[in-house]
Amino acid sequence: SSDLIFVFVLLFPFYWMAITAFKPDSELLGRSSNPFLVLAPTLAHFKKLIFETAYPDWMLNTVIVSTVATFTSLAASVFAAYAIERLRFQGAKQVGLAIFLAYLIPPSILFIPLAAIVFQLGLFDTRWALILTYPTFLIPFCTWLLMGYFRSIPAELEECALIDGAGAREVTMKVRGNELKFTAERYLLQFALPNFFFHVTTAYGVLRHSGVPLGKLDYLGSF
């Protein structure tokens, strides 16, 4: 019974969102209708969202910004984490600690200086404003995460692959491929929707390059 209660609590918000999306205005606003059922489902809300608002543009901006920022940050983090864990240069531990401490800095502290830099570079209200600011908090966390992955892989395994004729690219993609794939998927899920405050400070403008979070705010504010 406890499992059923847990499943109910977990799935009820999704059920509520689904029935709300298909309810007509009369059922949403009427007091006599059953709030848990849909008597006359409609697609009018989806039609208005897709064809009468800029939602498709917001979603396109969200996909472009999050995808480019994610894979750019992942590529930079792979090189940084590998250098710290495998090359063992002097001060590697201190650099790793500094990256971890950089990850602990709240992104809210960076809003104002990043907005000033973006404005001075002439990138305000462009996709590049978000693509270039997102790595400021993506790279430190991804590097710190990959350092643990590289640390868990025995160095002997990489040496055996090199002896067998594998190049550096093959070692990276085959020996460490699962870890990199896991990290990429985690980032795509965690940062698929861009951070709201970065939109406000770097890409507000006339909302041509806004993503879903800021676009929804502008749409709701029109009522």
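## Fold and confidence

The protein has 13 helices and zero strands; helices (H or I, at least four residues) and strands (E, at least two) are DSSP runs, numbered from the N terminus. Read from the N terminus, its elements run α-α-α-α-α-α-α-α-α-α-α-α-α.

This is a predicted model, in which local features need pLDDT of at least 70, side-chain atom pairs count only at pLDDT 80 or more, and totals for chains, interfaces and linings use all residues. Residues are numbered from 1 along each chain as its sequence is written, and side-chain values use heavy atoms, with hydrogens and water left out.

The predictor's confidence in each residue is given as pLDDT, from 0 to 100. Its mean over the protein is 75, and 74% of the residues reach 70 or more.

| Element | Residues | Mean pLDDT |
|---|---|---|
| Helix 12 (lowest) | residues 196-202 | pLDDT 50 |
| Helix 1 (highest) | residues 2-22 | pLDDT 91 |

Over residues 204-209 pLDDT stays under 50, and the model has 21 contacts for them beyond four places in sequence; contact means heavy atoms within 4.5 Å.

Of the 223 residues, 32% count as buried, that is, under 20% relative accessible area (1.4 Å probe, protein chains only).

Glu85 lies in helix 4 (residues 55-87). Glu85 counts as buried because its relative accessibility is 6%. Beyond four places in sequence, Glu85 touches Met147, Phe150 and Arg151.

Note on methods. Buried < 20%, exposed > 50% of the residue type's maximum accessible area, 1.4 Å probe, protein only.
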